[in-house]
Amino acid sequence: MSFWDDLLERVKPDPLAPIVVKPALLVPFFRRLSAMLTAGISISRALDFLAGSEDDAKLTSALDYMVGQIHAGRSLSKTMRSSRLELVFPPIIVSLIAVG
């Protein structure tokens, strides 16, 4: 293994590590999600669309993870509460979503 291959292997991000997203990105995300849900689009389709249209790689990664979890049958609030997304969504937002 070359030096560069070894270095790349060492700095490769852990796929299970928590995702960190800038809080300023959450306001436009929730506005777009709210508009889509109000229009009658399912939550999984809305998240899938938002993941495809997002410019920020970390938020895209978080949304892709959420889509996978929702397709697996988990609720949105439980998905947002998971250890992988605990640094993305503040607890108050997760609680508001859990309440409905």
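H3 and H4 run roughly antiparallel to each other, because the angle between them falls in the class over 145 degrees. Helix H3 covers residues 43–53 and helix H4 covers residues 57–71. They pack at about 155 degrees, with axes 9 Å apart. The axes are lines fitted to C-alpha atoms over the stretch in contact, and angles run from 0 to 180 degrees between N-to-C directions. H3 passes H4 in a left-handed crossing, meaning the near helix is turned anticlockwise from the far one by less than a right angle.

Who makes the contact? On H3, the residues are Ile43, Ser44, Leu47, Asp48, Leu50 and Ala51. On H4, they are Thr60, Leu63, Asp64, Met66, Val67, Ile70 and His71. Contact means heavy atoms within 4.5 Å.

A word on the source. This is a predicted model: local features need pLDDT of at least 70, side-chain atom pairs count only at pLDDT 80 or more, and totals for chains, interfaces and linings use all residues. Residues are numbered from 1 along each chain as its sequence is written, and side-chain values use heavy atoms, leaving out hydrogens and water.

Next pair. Helix H2, residues 26–38, packs on H3 at about 140 degrees, with axes 10 Å apart. That makes H2 oblique to H3, the class left over once angles under 35, 65 to 115 and over 145 degrees are taken out. H2 passes H3 in a right-handed crossing, so here the turn is clockwise. From H2 come Phe29, Arg32, Leu33, Met36 and Leu37. They meet Ile43, Ala46, Leu47, Phe49, Leu50 and Ser53 of H3.

Thr79 sits in helix H5, residues 76–80. Is Thr79 buried or exposed? Thr79 is buried, because its relative accessibility is 0% and the cut-off is under 20%, with a 1.4 Å probe and protein chains only. A polar atom of its side chain lies 2.9 Å from the backbone oxygen of Ser75. Leaving aside residues up to four places away in sequence, Thr79 touches Met66, Gln69, Ile70, Arg74 and Leu85.

Finally, the whole chain. There are six helices and zero strands. Both are DSSP runs, numbered from the N terminus: helices are H or I with at least four residues, strands are E with at least two. Of the 100 residues, 30% are buried. Among contacts with a separation of 6 or more, 43% join residues 24 or more positions apart. The accessible surface is about 6,700 Å², by the Shrake-Rupley method with a 1.4 Å probe. Carbon and sulfur atoms hold 62% of that surface.

How values were computed. Buried means under 20% relative accessible area, exposed over 50%, partly exposed in between (1.4 Å probe, protein chains only). A polar contact is a pair of N or O atoms within 3.5 Å; within protein, one must be able to donate a hydrogen and the other to accept it, and residues adjacent in sequence count only if both atoms are side-chain atoms.
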